[in-house]
Amino acid sequence: MNMEATVPRLVIASYKGKNGKTTVTLALAYALIRTGYRISMFKVGPDYIDPSYHSVIINKPSRNLDYVLMGNRVITRFYRYSMDSDIAIIEASLAFMTAWTELLRLVAPPK
């Protein structure tokens with residue numbers, strides 16, 4: 001199976017916590033949905049609260065892409081749950097900043 005994800009991706013991240021990543025992510029998703037985009041949303045990190053907020057906005061489950069917990073399965077998971085979307089929004093946790101190169105290599109490999 002060719003698992004090249006061609007859906008555009010947007011990663012929302014910050015160098016520290018508690019600075020509005022979830023608020024920005026939700027507002028952006030809502031605005032894109034209002035303009036007709038089909039959105040898939042993902043969260044990096046061991047969090048179940050933010051994905052529940054995502055799910056309310058997009059009216060379907062938000063998926064986790066935590067490489068530490070899932071290993072290379074994040075690739076399959078991203079591909080499976082973003083393939084019917086116009087854009088995928090990935091909200092990163094603070095831990096993302098220490099492992100961002102690994103995640104980007106897996107989700108958006110260089111050509």
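**Asn64.** I looked up Asn64 and found it buried, at a relative accessible area of 17% (buried is under 20%, exposed over 50%, partly exposed in between, with a 1.4 Å probe and protein chains only). The model is predicted, so local features need pLDDT of at least 70 and side-chain atom pairs count only at pLDDT 80 or more, while totals for chains, interfaces and linings use all residues. Residues are numbered from 1 along each chain as its sequence is written, and side-chain values use heavy atoms, with hydrogens and water left out.

I placed Asn64 in strand β3, residues 63–64 (strands are DSSP runs of E, at least two residues; helices are runs of H or I, at least four; both are numbered from the N terminus). A polar atom of the Asn64 side chain lies 2.6 Å from the backbone nitrogen of Asp66. With neighbours within four places in sequence left aside, I listed Lys43, Gly45, Asp47, Met70 and Arg77 in contact with Asn64 (contact is heavy atoms within 4.5 Å).

**Leu10.** I found Leu10 in strand β1, residues 9–12. Its relative accessibility is 31%, so I noted Leu10 as partly exposed. Which residues does Leu10 contact, neighbours within four places in sequence left aside? I noted Leu28, Ile87, Ala88, Ile89 and Ile90.

**Ile49.** I found Ile49 in helix α2, residues 49–58. Ile49 is partly exposed, at 41% relative accessibility.

Methods: Polar contact = N/O pair within 3.5 Å; in protein donor to acceptor, adjacent residues only side chain to side chain.
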